[in-house]
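Me: I would like to go through a protein model with you, one topic at a time. Could you show it to me first?

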Amino acid sequence: MIYTKAPKPVFPAEAASLEYAALLDAADPLRGFRDQFIIPSKANLATKKLAKPGLSSEPSIYFCGNSLGIQPKAVSKYMEAQLDTWSSIGVCGHFTDLEDSPLKQWQLLAEQAAASMARVVGAAPEEVAAMGTLTGNLHLLLASFYKPTGTRRKILMDWKAFPSDHYAIESHIAWHGLDAKENMVLIGPDEGQYEISTEKILSYIDKHAEDGALLLLPGIQYYTGQLFDIPQITKYAKARNLVVGWDLAHAYGNVELNMHDWNVDFAAWCTYKYGNAGPGAMGGLFVHERHGKVDYSAGEDSPKFRHRLTGWYGGDRSVRFKMDNNFKPIPGAGGFQLSNPSVIDLTCLCAALSVFDQTSMTNLRQKSIKLTAYLEHLLLKDTTKETCLFEIITPSDPHARGAQLSILLKPGLLHTVSDRLQNAGIICDKREPGVVRVAPTPLYNTFSEVFKFVEVFKGALSSL
Ligand SMILES: *Cc1c(COP(=O)(O)O)cnc(C)c1O
């Protein structure tokens, strides 16, 4: 079990000072990781120029890792090695491991990435594939896992799913010739609430134990930042014969996951949020071991395997280049691959993963829980005029959230507050009509940054 269930951190009275924040930073065992990233500078953000020597390099406060992680220094090193491989040996790069490259031959690069991602999501390497993009992968997984039958047709999902997930589900139901509205079961919170209780989700599962085909939820809800109880919900739904999938977009690289042991059927994620692999980077998917088996008992040329949409890169490497049009999938998630993957994309992904390879999600999560609790503590400390102007809609239980806090402002304040943050060189993300999402991430953010953020944020509110 890798799931950390430590008590919620408490902070002493003197915690609300920059000195105290600096002490927390000095005691942080992960503080060295910040140096492995390039932090956008205030000057570059203000002048809208590329980084150039001579410009002040005072770093911004970057709290937007929930949307796009910043660039690991390893990316340019890995990219250079890749470009050199291509220019030095051309097509031979497919099958040649170069001594001085941090990257494997192109044919094995997707596996290199999958092995590292498997550590991040808690799976066996064979259960993970590095491929495609999140929405594309959701479509592929739904094609394999959503099999509506006479009575079991409904998909249970988040009432305010990320639009792409909503569209993907809607279009799959329609693809089967079914009515989307009738077959999408939207699970939402109680009236006036933001958090969806586990009991509520379980009650929906009970209610649809006969007509539900599949449950697809976000590991972390992108707007509220709520982390769902993945193991409990999965267990409950599987006991009622629902297929269970998770969208890990905001959970990947953020919280501890254990996809294999939690018995999840399938999952997909993007890698550009907490994964830091770059805008639109290659995504990943998980298919539980039991669904990836290839059975040759009916003969070498008649493999039996779970139905999926196929392509030649899902074919076993031993027969991939035989060109005999007899599909023999790679056992595991690799058998869901379609195309010869973009090596440039894989290079960025492998570079970003090389940072995760140096630590563990347990270590990252330990810091993250403290960092976010510190943010919450400073925000809510003492009831003042300022604290009456906002509400944190993210659960206060650290085990029901990841790095992000979503701060809902009173109507009409969003633009003023976000302008003030921007002018102070603080990058976080705003969502209309009134939410600021603040995500201090354990790999590159500090307690001192959290302190400075709260100072500017409250300063903005007190000036109103
Ligand atoms: C970020 C995010 C996406 C983005 O999908 P892409 O296919 O990578 O563009 C989809 N779903 C959720 C829940 C997200 O948070």
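Predicted model: local features only at pLDDT ≥ 70, side-chain atom pairs only at ≥ 80, totals over all residues.

Me: How many salt bridges does the structure hold?

Reply: The structure holds 18 salt bridges. The term refers to a side-chain nitrogen of Lys or Arg within 4 Å of a carboxyl oxygen of Asp or Glu. Side chains of opposite charge can pair when their charged atoms come close.

Me: Which residue meets Lys367 in a salt bridge?

Reply: The partner of Lys367 is Asp28, with an N to O distance of 2.7 Å. This pair links distant parts of the chain, 339 residues apart: Lys367 belongs to helix α12 (residues 361-380), and Asp28 to the loop between α1 (18-26) and β1 (37-38). Helices (H or I, at least four residues) and strands (E, at least two) are DSSP runs, numbered from the N terminus.

Me: Is Lys367 buried or exposed?

Reply: Lys367 is buried, because its relative accessible area is 8%. Asp28 is buried as well, at 5% relative accessibility. Buried means under 20% relative accessible area, exposed over 50%, and partly exposed in between (1.4 Å probe, protein chains only).

Me: And what does Lys381 pair with?

Reply: Lys381 forms a salt bridge with Asp382, and their closest N and O atoms are 3.0 Å apart. Lys381 is partly exposed at 26% relative accessibility, and Asp382 is partly exposed at 48%.

Me: Changing topic: what is the strand order in the open sheet of four strands?

Reply: The order is β11-β12-β15-β14, with antiparallel pairing. Strands β11 (390-392) and β14 (429-431) stand at the edges with a single partner strand each, so one side of each has no neighbour in the sheet. Two strands pair if DSSP finds at least two bridges between them. From one strand to the next, the twist averages 25°.

Me: How many bridges join β14 to β15?

Reply: Three bridges join β14 to β15 (residues 435-438), and the two strands run antiparallel. Within this pairing, Arg431 stands opposite Val435 of β15. Arg431 also forms a salt bridge with Asp429, at 3.8 Å between the closest N and O atoms. Asp429 is buried, with a relative accessible area of 10%, whereas Arg431 is partly exposed at 31%.

Me: Now the helix residue. Where does Ser354 lie, and what does it touch?

Reply: Ser354 lies in helix α11 and counts as buried at 13% relative accessibility. Leaving aside neighbours within four places in sequence, Ser354 is in contact with Ala74 and Tyr78; contact means heavy atoms within 4.5 Å.

Me: Last topic: which residues form the nonpolar patch on the surface?

Reply: Phe95, Trp312, Phe321 and Met323 form it, with about 470 Å² of accessible area together. Patches are made of residues with over 30% relative accessible area and no salt bridge; like charges are joined within 9 Å, and nonpolar side chains (Val, Leu, Ile, Met, Phe, Trp, Tyr) within 5 Å. Accessible areas come from the Shrake-Rupley method with a 1.4 Å probe, and for residues only the protein chains shown count as cover.

Me: Where is Met323?

Reply: Met323 lies in the loop between α10 (317-320) and α11 (343-356). Met323 counts as exposed because its relative accessibility is 57%.

Definitions and conventions:
Residues numbered from 1 in each chain as written. Heavy atoms only, no water. Axes fitted to C-alpha atoms, helices over the stretch in contact; angles between N-to-C directions.
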